[in-house]
Amino acid sequence: MATAAPIGTARVALASARTGGAMVSRTRRSRAHRSFRVRAASKEDNGKPEAGTPSIDSKSLWRLRLELFSGKDADATTPDRTITVRARFVVDEGYEPPQGSIEIEDDQELAFVQAGFHRWTLAEDPNERKAGLWIWGLFEEPLYPYMLLSFDCNRIEVAEGGYHIPKGKLFAEVKHARGSKSGHVLSDGKLSFKVTKTYKADLVGLSEATIGEPTMCGRLQADCIEVA
């Protein structure tokens, strides 16, 4: 019988793994292709969203659907548990990139800590901390193709056998796009939490280092259901 332990998903059809250490020539080709895609995207509808379209502020109510996997079956595509909450993204004025708090309005399953520290921020590719696309002169203002979220969550039971998400921080990485007609669109969200592990920090073993290692645990779907 499985022992009670935080879940860990080797591969849950969440996203293809990103690899590092590519050859220089391959990296240059990748950057060239990315620049081409960015220039092409700049010709599309990336204008300021019109009034009445989904927005990243308190005027819009969003439904967040958490699809959680236990990891018992690495090939599973159907979540072991699904939790749905309603929330608003409140903006902290005067910050760049845009960021703020998440107000949870409806959480019937008590997945999140009431009055907890729930945050969001728009971001570039979180795996490429480089100069912004607007610095290259490709856009009049930053588009921020990702949204990063963090929640204070309660312990969430995912499947029988003790599979759970531990009480603490739950993270999400979501793709972000916008258009004058479509407004803000959030898609392809990935959920994870961090398991703290302690390692020897030197060969002698006199010091230790505590590192939080991310563990993938599901998908996040975000849909705007109400616009003020």
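The count of disulfides comes to zero in this structure, which is a predicted model. A disulfide is a covalent bond between the sulfur atoms of two cysteines.

**Cysteines**
- The closest cysteine sulfur to that of C153 belongs to C217 and lies 8.3 Å away, which is too far for a bond, because a disulfide requires the two sulfur atoms to be within 2.5 Å.
- Seen from C217, the closest cysteine sulfur is that of C153, again at 8.3 Å and too far for a bond.
- C153 counts as buried, with a relative accessibility of 1%, and C217 likewise counts as buried, with a relative accessibility of 0%.

**S150 in strand β6**
- S150 lies in strand β6, which covers residues 146-153, and it counts as buried because its relative accessibility is 14%, under the 20% cut-off.
- Although S150 and H118 are 32 residues apart along the chain, their C-alpha atoms are separated by 5.7 Å.
- When residues up to four places away in sequence are not counted, S150 touches I102, F117, H118, R119, K169, L170 and F171.

**P97 in the loop between β3 and β4**
- P97 belongs to the loop that lies between β3 (81-91) and β4 (99-106), and with a relative accessible area of 25% this proline is partly exposed.
- Beyond its neighbours within four places in sequence, P97 is in contact with T121, L122 and Y144.

Methods
Residues numbered from 1 in each chain as written. Predicted model: local features only at pLDDT ≥ 70, side-chain atom pairs only at ≥ 80, totals over all residues. Heavy atoms only, no water. Helix = DSSP H or I, 4+ residues; strand = E, 2+ residues; numbered from the N terminus. Buried < 20%, exposed > 50% of the residue type's maximum accessible area, 1.4 Å probe, protein only. Contact = heavy atoms within 4.5 Å.
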